Amino acid sequence: MASSYLLVMFLGAVTAVEVLRPRGVPLSKRQFYEENRPFTCLDGSGTIAFDRVNDDYCDCKDGSDEPGTAACPNGSFHCTNAGFRPGFIPSSRINDGICDCCDTTDEYNSGATCQNTCRELGRKEKESLQMLAEVAKEGFLLKQQLIHEAKRGLDEKQSKVTELQLSKRASEDAVEALRLVKEAAEKPEKEAKDRHLKAWEEQQAVIRAEKDNTKMAEAFLRLDVDADGLVSAVELQAHTELDPDADGMFTEEEAQGVLGGVETVDTAAFETIWSSIKEKYLSEVTVWVFGPSEHWFIATDVPAPVDPPTPEETTEPASDHDSEQYPDEEVPEEYEDEDPDDEDDEDQDEEDDKVGRPPPLSLLFSSFFFNPLPKVKPSGLYSQWGLEKEISLDFGPSFEFAYLYGQCYDLTTSEYIYRLCPFNRVSQKPKFGGSETNLGSWGSWSGSEENVYSQKKYDHGTGCWQGPNRSTTVKLTCGKETVVMSVSEPSRCEYLMEFTTPAVCQEPPSLDANHDHTEL
Amino acid sequence: TQRKLHTYNQTRRRRTELQMAPVVMLWLALCLSGTLAVDRGNFKTCDQSAFCKRQRALQPGQSPYRALLDTMELTHTKLTLQLINDNNKVRLLLELYRLQGNMTRVKINELKPLKPRYEVPDVLVQQPLTEPLSLLSQDENGVVLSLGGEAQRVILSARPFRLDIMEGHELLMSLNSRGLLAFEHLRTLFSLFVILPSQPKADDKVEEEKDEEGMWEETFKSHTDTKPNGPSAVSLDFSLPGVEHVYGIPEHAETLKLKTTDGGDPYRLYNLDVFQYELFNPMALYGAVPVMLAHNAQRTTGIFWLNAAETWVDISSNTAGKTVFGKMLDYVQGSNETPQTDVRWISESGIIDVFIMLGPTPYDVFSQYASLTGTQAFPPLAGLAYHQCRWNYNDQEDVQAVDAGFDQHDIPYDFIWLDIEHTDGKRYFTWDPHKFATPKDMLQGLLEKKRKMVAIVDPHIKIDSEYKIHTEIRSQGFYIKNKDGGDYEGWCWPGNAGYPDFTKPEMRAWWASMFAYDQYEGSMENLYTWNDMNEPSVFNGPEVTMHKDAVHGPWEHRDVHNLYGFYVQAATAEGLIQRSGGVERPFVLTRAFFAGSQRYGAVWTGDNAAEWDHLKISIPMCLSLSLVGISLCGADVGGFFKTPNSELLVRWYQTGAYQPFFRAHAHLDTPRREPWLFGPDNTALIREAVRQRYALLPYWYQLFYHAHRTGHPVMRPLWVEYPQDAATFAMDDQFLLGRDLLVHPVTEEGARGVTAYLPGKGEVWFDVHTFQKHNGAQDLYIPVTMSSIPVFQRGGSIIPRKLRVRRSSACMEHDPYTLFVALSQRAEGELYLDDGHTFNFDTKGEFIHRKLSFSNNILSSSNLAPAAHLSTMSWIERILILGASKPSKVTLKTAGGQDSQLEFEFDASMSVLTIRKPGMNVGEDWSVVLK
């Protein structure tokens, strides 16, 4: 085989068109390979005659004497790839019968027939770069809007928190005032007492209405077992206490009757039937799987930042009375919280009543939509907790991810519906029936150090046999739309989601800058 | 791939487990929590296996069998005579053959069985060639027969019946010397005669029938084995005087040297899908080769018990209990009891058909056994390269990404594997329509990188009237039948499944035809096959396998059980050959195996675990297989169950790189473990291990060529090469590849050094990493880092390597060689090459086989196969001579006659001479002269 490497060497020295240099040497290193002068290995480990460069025998420890042959185990070969990007390949890919360089220069003696695809690749790359740039451009604009909105929303929320804090303080002041009134009322001044009693009764009515609303919200959520936003007759059937004739056979027809003659009711319709069932309704019928409470807090309160205030909010009653003043027993039994612990939990009750504003049902509903049921009852307190929690989340350097808060995005595959609710959780539900599996709850941003916001991690999902709890890594790429692009399970119970959002779009560099690194 | 009912359930339920009621979850949790080790209760002990219990209850003593010398007939091929059981008067027929190559065959069957008893077909490659026996002497006590030359004789004693094989004055082996020959004759349920050897009766009195428990029916767990043929076990004992070391009878998770079984269970041979098998015990595993080797410093012999039914092997030894001190005491006291090992084989049905291989050297035994059952299939070169497997690569994109990952991290690999999830609902020969929608595109992508794929094809067939494979098997009546005559059905991966009767030649031919490119949709020439679950595994069957009363034509599953996997692999390999028109060599991996399975491909040690002890045991498990002909053996690198830490994974790669079948594999539920997922340092370590494998492929290929030609094992225990060095007899923490490489894997966590034994007085060994020279016949402490494991090249050998490691073995085809000449004054080696994948080496003589030798300062290459021809582009780019002195001149002489001076470098510190670029084609005659 003596002839083959001679040929190699020969070919190595003279290649048409390009600047004359040994095969496989990049222009930047050309000066080290001067013809007819001894060659010094680039690591300085030795000096050899120039005819030993690319003679298909490895003389230098760093492989630098054989840039154009496969002789050195650690060498690399430079493809010029005119029309596309130049690049290096490991020497071991020279003449291995596989076309690696688009300009075909790596297969000069293997018999492989390679097509020069550089121009085509260059064109495609340009196209795709252009497309990416367009996407990035539009995405970046969208991102600016998102940032703007997020900041506004944030300001609103912050002021709302402040407001809530103020109102809390105000209610504390009111407590103090009431205490004074009470003291005053304790004096045998009937007029004052009557006035006060009336005021108190009014207040009780408001509290009762609030509690009823809260209970209704809870009831809806509990009844809505499959969390589809609708309470169906079938779901209702689990609650045999609602059986109109209490004959132990709560049929679907009966359930439909309870629902007003329809199969399903949404929240609005539910409000209309609530009064007819609330007396009978028992909440502890179903066994629930609860998520960790910290997740729940994230989960429960999602007044969308840009939502206009609801009527309930605007007609917020002045609830400045302190219930402590009056014994709990005076509150009708049915309004008692189901949680027996609450009796000891006076602080909480107190807080509830003081803040006194349950989230409107419609909002609660949207926020609970796909989440496990709370361990404690919803109450107005969530507004404050939730807002503080929300404000404390890392929505990116410019709050560009804030718009994802409270949203969910679905992807349907052949078998499953995957749902990503950013800052909340990822789940999987069989397409054709079956219950949902938690693929992980919001953990943290987990991208590389340079770009921590390129990836996020959801963990502590449902456990796997002999394995870890399910977890999901979501990779974010720039896109005009906010979409789950793909889901895979590269390793058992470790999911990978690709997600596009304008929030990660970077300002695109001008297109002209893209191609100045093409050699020649 | 792991496999058992709970895991099966789990797999199916994994994604929907929340659907299940909490009580089911609880049940599952309880079920699963107990699965960290084998559930022994699922598998029988000897005591729970009626025939084993019955047979083992017989104690050594006077045999009831007597040879009827007047029935003796001696032809030029065999001696026959009748044996009679004096208790029940049932007569047996003994046939005794002298076989070519120093073997004796002893066959014992009933003289007149009620119905024929099963004799194992298809395992022997041909009717063994006989040599004449001659009668030396005869009297009323027995006869003496000459076994041909070397003063070998068989003494047949009549009363009781017994055989002794002598060479000169030396007794090599005795049969029935302990009187444990037993032959449960076939009988009808209502007229029983029973063998009661312990109570000899007056000659003419026939023992009253006596039914023993389990003779006609036995129940294990919820499974009842109906035994329409009643008891049918056979048993025979062998005494091996002078022997303290016996090996073989795989497959067991056991040390190389077999232990005595006194006080415990015998070694069991019954192909079973054992979930999370335990180490160091005699429990049956996936395969069975009923071959035992016995060795002492003077001689190696072998016993091949050709029986495919459930078999138990008892081993006892008169020295086993003795301490070194006790042995010394014997010596001092002049008590010269010869050490002796006694072996007893018990099989549930069939006949006694035993081949006694008389050696005398280990290699003689290998050749003798190969002449009976054939040699190792010569795998395609790529089959010896690195295999990347996982249960499962999820879809085509996943395959593509893993393939790209290897290139990105510059790690070579040849095969990527697909486990059961690639199929459409576990219907083999199909592809999941979503995940593997365009298999040919995927295979084409691999083909373009000169890489290949293996897809699993298991022998359980989903019962589904829409599934062509099933409907054809059913319509042709190819399924195994249950005892009532219907198609046998059992649970396996697809749910309810049928099991094709691979014992039928027509079934095997049909199966083979299913691998044709136009039958197996989506297949291409770079798609190869893996047969798993072929014990056969039946999730809801007794001991996770098939009911013994299932029916294969005239035979019961009981008779053929251990052969099933053998046939599956044979039919599959035949399919791969046929699809290429007989041109291409197949590559088929099997989990179950029997004697002769070496002819069809590769074997792996099944579902091991990511534990250091499992790494350790991969050595004796593969050595035991090697000793009985199966050279292409490997263990799942990294361990199948559980998750290896990076140290264990790296150590396993380093070990696996020096074991014949080199495949990483992992359970579905383990985290991903492709080589680049453990940080750059570990990636580099694994890359280096894999590269060492690829560089050494020429040597591996040459060893497999030899194994194919001669039956000599590739991976060898040290005692095979150093048969007189007693220090090596029990050694199984290191091994040899061929004669010339000694490998001592690091199998301890956190090891900083290992003590390797370098054998051979007067020999020298060169560390392949440092070229440092060490003397033989010493224990050598070698400090180790994570970077490699100790490997030594024997002084006196020449090993060719290809140092230009590329992304797959096919990419390296035309690359030049570097010769590593390790001197011990002289050196010898070989170089073999062919096209790497066809039968043309055999059918057309297209190969190059060179002898390389170094003596008197001349290294030369001469043709070992002048009739063969092959033109190659490969040349010699470098010669390293280890242990050389510095020459003044190095001259190359080629066939053309021109001399040329070669450049060289000499490293005085290690005495390594490097000759630069001699450049001759490897097919040429040449010599290099040092002056």
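This is a predicted model: local features need pLDDT of at least 70, side-chain atom pairs count only at pLDDT 80 or more; totals for chains, interfaces and linings use all residues.
**Ground rules.** I number residues from 1 along each chain as its sequence is written, and letter chains from A in the order in which they are written. Local features need pLDDT of at least 70, side-chain atom pairs count only at pLDDT 80 or more, and side-chain values use heavy atoms, without hydrogens and water.

**Disulfides.** I took a disulfide as a pair of cysteine sulfur atoms within 2.5 Å.

**Chain A.** I looked up C41(A) and C60(A) and found their sulfur atoms 2.0 Å apart, in a disulfide. The torsion about their S-S bond is about -80°, so this link is left-handed. C41(A) is buried at 4% relative accessibility, and C60(A) is buried at 2%. Buried here means under 20% relative accessible area, exposed over 50%, partly exposed in between (1.4 Å probe, protein chains only).

Next I checked C99(A) and C114(A), a disulfide with sulfurs 1.9 Å apart. Its S-S torsion of -85° makes it left-handed. C99(A) is partly exposed at 39%, whereas C114(A) is buried at 17%.

**Chain B.** C46(B) is joined to C52(B) by a disulfide, S to S 2.0 Å. Both cysteines are buried. With the bonded cysteines of chain B numbered in sequence order, I read the pairing as 1-2, 3-4. C492(B) is in no disulfide; its nearest cysteine sulfur, that of C389(B), is 17 Å away. C492(B) is buried, at 0%.

**N921(B).** I found N921(B) buried at 12%. Its side chain reaches the backbone oxygen of T872(B) at 2.7 Å.

Terms used: A polar contact is a pair of N or O atoms within 3.5 Å; within protein, one must be able to donate a hydrogen and the other to accept it, and residues adjacent in sequence count only if both atoms are side-chain atoms.
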